[in-house]
Amino acid sequence: IGFVNAGLLTLFQAVGVIFGSNIGTTVTSWLVALVGFKVLAMPAVAVGMLLRVFATGTRASALGEALAGFGVFFLGIDILKETFAGMQERLSLEQFAGDGLGALVLLVGAGFALTVLMQSSSAALAVTLTAAAGGFLPLSAAAAVVIGANVGTTSTAAFAVIGATANAKRAATAHVLFNVVTALAALLALQPLLALVGILAGVAGLQGPATSLAIFHTLTKVFGLLLILPVTPKLVAFLEGRFRAAEENEARPHYLDHNITATPALAVDALILELKRIGAFAREGAFAVIANAPVTPRSWEERKRVIHQLVEAVAAFSRQVRQTELPKDLAEAFPQALRITQYYTDMVEKAEEIALLRLSLQPLADDRLKTEMERFFRNASALLAATDPEAADYSADACEPLLEALQAEYQELKAELLRAGSAGRLPVRQMVWRLDEIGAVRRVLDQAVKAARYLEALNRLVHQHARDGG
């Protein structure tokens with residue numbers, strides 16, 4: 001979800017990662033069945049902490065932190081497993097075991113409920129495998145609980161996307177659909193799958209209900225993948241057509257998602273994408289007035305409302321990310337982002353000022369003055385287009401000489417307007433309004449160039465962080 005919002009993965013690529021991670025999570029079953037958690041957990045914590053303490057500021061330190069977290073994660077699951085195992089007499093899964101469809105549905109529901117309560121399918125699977133290994137559950141009943149746990153794990157994704165971006169909701173929906181399809185297919189083919197598990201266990205020389213369940217868990221995921229993989233392009237096309245309402249709401253961020261605030265590098269990537277979107281919105285308004293498109297005060301009020309809401313969303317997102325442990329080289333990114341939003345806000349407000357001023361302007365009767373004004377606005381449009389970071393030949397440095405040339409042209413046009421006013425070729429009040437008009441245009445372009453300069457600096461900061469191994 002974070003990679004999609006940061007523009008590092010397309011939805012199609014993200015769906016592939018989600019499918020792969022669903023198969024990868026079956027490793028937990030194998031760890032429980034073959035070695036147990038504590039065997040891996042304590043060494044991982046010990047080695048991780050040594051690397052974290054003695055290799056500060058290096059990739060080894062980051063690896064150590066990951067190892068320590070991995071170990072603590074397994075210790076937590078082990079504690080959950082032991083806690084629920086101690087409740088065997090009061091909450092025994094075997095009371096649901098029995099023959100028939102009703103008993104099967106109850107067991108699937110029990111697996112679902114365990115996962116939702118513990119918010120960990122790994123913990124639910126550990127409890128199930130422990131119960132099966134102890135003889136409390138027959139293999140078919142334990143398999144039904146595993147199916148339920150696979151569906152229950154989607155609750156985490158469902159909770160995560162409350163108030164999230166459209167991209168996040170699409171990715172989470174793909175996760176839910178994959179698990180539900182896998183569960184339904186596994187239920188319908190439960191007996192053939194269990195027969196295949198018996199064959200595979202015999203060939204591999206792996207005996208016992210725990211290892212049989214680990215095989216079943218992996219087998220069901222692979223089975224589900226084989227079913228859904230051929231229709232994945234259609235699934236992605238279907239998902240891309242969903243949740244459009246959130247994207248059509250211009251005032252709602254498209255890339256800022258609370259799921260990635262704990263990962264500063266991803267958060268900055270997403271922030272840059274949102275800033276580009278705000279910039280496009282601000283330039284759209286500026287282009288409209290420079291091209292003298294018809295506008296109304298109400299339309300500008302709506303435009304200001306949208307950009308103010310987006311700026312506030314950027315500020316709130318920045319505050320949330322800054323509460324995490326930020327790398328020093330990324331800490332400056334967030335104040336810089338807020339500076340850029342202020343430039344875009346000023347562009348919209350100045351563009352509105354021009355639009356409202358135009359309501360009082362009269363057509364120019366002086367041909368020479370009219371020609372010079374038209375040339376000034378053509379050059380202003382060209383400079384504004386040059387500040388678009390999505391343009392093929394974009395370079396913030398190239399905008400500076402264009403701005404200097406326009407500044408010189410502004411001074412010449414200003415002098416010409418003053419001469420026209422003093423000679424009576426232009427009414428004095430109209431002269432003042434025309435001066436205000438070109439002054440506001442100059443201000444819009446100055447802010448656009450500054451935003452482009454700081455946005456490029458922000459991009460360089462992110463790239464440097466990546467090169468340094470952040």
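A: Isoleucine 18 sits in helix H2, which spans residues 11-24. The model is predicted. The relative accessibility of isoleucine 18 is 14%, under the 20% cut-off, so this residue counts as buried. Apart from neighbours within four places in sequence, isoleucine 18 is in contact with Ala171 and His175. Alanine 267 lies 249 residues from isoleucine 18 in sequence, and their C-alpha atoms are 20 Å apart in space.

Burial can also be followed along a whole helix, H11. Helix H11 covers residues 190-204, 15 residues in total. From first C-alpha to last it reaches 21 Å, close to the 21 Å expected at 1.5 Å a residue. Its buried residues are Leu190, Leu193, Leu194, Val197 and Ala201. These cover an arc of only 100 degrees around the axis, which puts them on the same side of H11. An α-helix has 3.6 residues a turn, so residues three or four places apart point the same way. The cover over the buried residues of H11 includes helices H6 (101-118), H8 (139-152), H10 (166-188) and H12 (209-228). On the other side of H11, the exposed residues are Gln191, Pro192, Ile199 and Val203. Just after H11 comes glycine 205, with a positive phi of about 70 degrees.

A further helix pair is H18 (residues 333-358) and H21 (residues 428-467), which pack at an angle of about 160 degrees with axes 9 Å apart. That angle is over 145 degrees, so H18 is roughly antiparallel to H21. The two cross in a left-handed sense.

Technical notes
Residues numbered from 1 in each chain as written. Predicted model: local features only at pLDDT ≥ 70, side-chain atom pairs only at ≥ 80, totals over all residues. Heavy atoms only, no water. Helix = DSSP H or I, 4+ residues; strand = E, 2+ residues; numbered from the N terminus. Expected span 1.5 Å × (residues − 1). Buried < 20%, exposed > 50% of the residue type's maximum accessible area, 1.4 Å probe, protein only. Arc of directions from axis to C-beta. Contact = heavy atoms within 4.5 Å. Axes fitted to C-alpha atoms, helices over the stretch in contact; angles between N-to-C directions. Parallel < 35°, antiparallel > 145°, perpendicular 65-115°, else oblique. Left-handed = near helix turned anticlockwise from the far one by under 90°.
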